[in-house]
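Good morning, everyone, and thank you for making time for this.

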Amino acid sequence: MAFKPNIDRLKPMLYPSTRGHCPPVRLDEALRAGLAPDGGLYVPERIPGLEAATGIPGPDLSATAERVLAPFFADSSLAEDLPRITREALDLPLPIVEFNPGKSWMLELFHGPTAAFKDFAARFLAACLSRLRAEHEPVQTVLVATSGDTGGAVAAAFHRRPGFRVVILYPDGKVSARQAHQLGAFGDNVHCFRVQGNFDDCQRLVKRALNTPELASALALTSANSISIGRLLPQISYYAHSVSQLSAQIAQKVNLIIPTGNLGNALGAVLARAMGIPIGEIRLATNANRTLPDYFGGEDYRGRPGIATLANAMDVGDPSNFERLAWLYREADLRDSGIHAGSVTDEQIRRAIRRAWNEQGLMVCPHTACALELLRQQREVGDDRPWMVAATAHAAKFENVVEPLIEQTIEAPPALAALLERPSHAEDLEPDEDALATRLRALA
């Protein structure tokens with residue numbers, strides 16, 4: 001049936017900061033700024049409910065996204081363009097692969113141009129920002145910290161897009177060789193810096209630059225990290241679409257296990273559930289970085305330096321989006337929210353990769369392996385509920401880890417293979433705010 005939006009759902013939506021020290025703004029301003037002036041993250045002032053009459057899932061992901069995201073775009077200048085934005089950005093495959101009949105499924109989120117789940121959100125953000133920018137405005141600088149996959153997805157989304165330059169910061173030696181090559185292979189309006197530090201250093205540099213008014217104004221800075229509300233919103237849509245499909249098929253709620261580092265992808269699932277999508281329990285799969293498992297295990301939240309692991313894109317010791325999660329549950333007990341977290345060691349990652357190949361014929365990346373290990377643990381204690389695992393990246397991006405374990409060569413998908421054939425270049429950068437500011441000004 002045709003989509004008929006409920007008027008109550010489309011009353012104007014404002015976006016306050018998680019820290020509450022600046023006025024709420026419309027979505028347009030939140031998208032442009034990336035980070036709130038008080039250093040907080042923009043959040044929707046309310047979580048809209050979804051009625052059965054909205055027809056979810058739609059016939060494809062872009063149709064579902066239009067219906068799910070409409071209330072978030074209410075009163076935005078982009079509202080009328082939302083159908084075109086979703087068709088442009090979210091026209092990507094979203095397969096659900098059953099690997100334990102009637103019990104276990106894998107949501108493959110890695111069929112975009114850079115073979116990682118972040119393609120969905122990066123393309124969506126680029127489609128929004130390009131429509132918000134007037135032709136006469138100065139070039140906008142998209143500054144992004146990456147632990148491996150974000151930078152490539154953002155680079156692909158903004159590559160050669162008029163009016164934008166992209167600046168990528170990644171921790172030197174702490175991303176896979178193929179990830180590093182991919183990040184430096186775009187060229188043109190994409191500039192890549194390898195930071196002599198860890199991901200948390202890169203993230204700190206980005207936040208400081210965005211909160212330096214003179215620098216942010218001179219370069220028209222914005223962020224494409226998951227601190228941007230434009231990255232978060234489209235992630236709601238693919239969980240809404242896939243879970244609604246599967247739940248209708250099995251006539252039960254679907255429980256999710258999501259690999260997580262900075263918590264943005266998982267927060268998309270949390271918001272989808274809060275809107276009424278039939279999601280049951282949500283389990284966060286981390287690597288040896290135990291910040292979230294320790295918190296959900298009863299300890300006070302304590303950010304800490306990131307630890308290098310085989311699942312490098314999740315090497316985050318102080319996930320930015322925890323601030324959004326805490327805001328969402330500010331009037332309730334977050335530990336009683338149906339969200340749990342578990343930590344997986346490198347050796348468990350290796351065993352999970354071998355087991356997935358030997359038992360199910362699945363080639364999985366180290367991050368997806370973390371989720372599969374938590375699923376195995378659930379099954380061992382007698383959990384017979386339906387679970388869907390989010391597969392976040394193609395195993396070919398981590399061939400140096402995966403190939404020796406499964407004793408198979410992994411063929412890179414065509415778009416990734418094409419990037420790997422191009423020359424790659426990145427410049428060294430000290431983890432220092434002044435050093436970054438100097439490099440940014442030199443690009444303007």
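Is glutamate 373 buried or exposed? Before I answer, please keep in mind that this is a predicted model, in which local features need pLDDT of at least 70 and side-chain atom pairs count only at pLDDT 80 or more, while totals for chains, interfaces and linings use all residues. Residues are numbered from 1 along each chain as its sequence is written, and side-chain values use heavy atoms, with hydrogens and water left out.

Glutamate 373 is buried, at a relative accessible area of 2%, where buried means under 20%, exposed over 50% and partly exposed in between, with a 1.4 Å probe and protein chains only. Its side chain meets that of arginine 376 in a salt bridge of 2.7 Å, N to O, a term that stands for a side-chain nitrogen of Lys or Arg within 4 Å of a carboxyl oxygen of Asp or Glu. Both residues lie in helix 14, 3 residues apart, or about one turn, and helices here are DSSP runs of H or I with at least four residues, strands being E runs of at least two, numbered from the N terminus.

Arginine 376, partly exposed at 26%, also forms a salt bridge with glutamate 380, whose closest N and O atoms are 2.8 Å apart.

Turning to the whole structure, a search finds 28 salt bridges. One of them joins aspartate 384 and lysine 103 at 2.9 Å, N to O, linking distant parts of the chain that are 281 residues apart.
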